[in-house]
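Biologist: Could you walk me through reading strand pairing and burial in a model? I'd like the general idea, then the case at hand.

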Amino acid sequence: MPGHHHGNIKDVTIIGFRAAKSMVELTCHILENATLLECLTLDAVYDNGIEEADRSCVNKSYKCCPLIGKRMIAQAHKGLWAIGRYVADKVPSTVKLNVKKLCERCHVME
């Protein structure tokens with residue numbers, strides 16, 4: 001959609017961000033064309049509504065809730081890599097980038 005600007009979008013959240021080319025392209029399109037964007041939140045895990053602190057798996061008692069499988073953990077690590085490699089440098093200084101990371105206690109790659 002060349003030349004199409006999304007002038008009313010101020011806050012974007014993508015849950016379940018993947019390292020797929022289409023996901024990266026969509027995110028870059030939003031960054032380039034949402035002229036009033038203030039905040040972009042990218043979460044590499046679809047956590048089914050658990051939303052606490054900076055970790056996708058911390059529940060209300062602040063204990064790890066490893067609800068996601070090894071395959072999803074691997075995909076999330078690839079998504080975080082893609083954010084760092086292809087997206088982070090394209091974020092304008094006027095936009096706050098929030099990247100929700102995996103829990104370092106229970107979502108490490110083996």
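Predicted model: local features only at pLDDT ≥ 70, side-chain atom pairs only at ≥ 80, totals over all residues.

Biologist: In which sense do strand 1 and strand 2 pair?

Modeller: Helices (H or I, at least four residues) and strands (E, at least two) are DSSP runs, numbered from the N terminus. Two strands pair if DSSP finds at least two bridges between them. Here strand 1 (residues 11-15) runs parallel to strand 2, with five bridges. Strand 2 also pairs with strand 3 (residues 96-100), again parallel over five bridges, and there Thr 41 sits opposite Asn 98.

Biologist: How many residues of strand 2 are buried?

Modeller: Buried means under 20% relative accessible area, exposed over 50%, partly exposed in between (1.4 Å probe, protein chains only). In strand 2 (residues 39-43), five of five are buried. Cys 39, Thr 41 and Asp 43 point one way, Leu 40 and Leu 42 the other.

Biologist: Why does Thr 27 count as buried?

Modeller: Because its relative accessibility is 0%. Thr 27 lies in helix 1 (residues 21-33). Setting aside neighbours within four places in sequence, its contacts (heavy atoms within 4.5 Å) are Ile 14, Phe 17, Leu 40, Leu 42 and Val 87.

Conventions:
Residues numbered from 1 in each chain as written. Heavy atoms only, no water.
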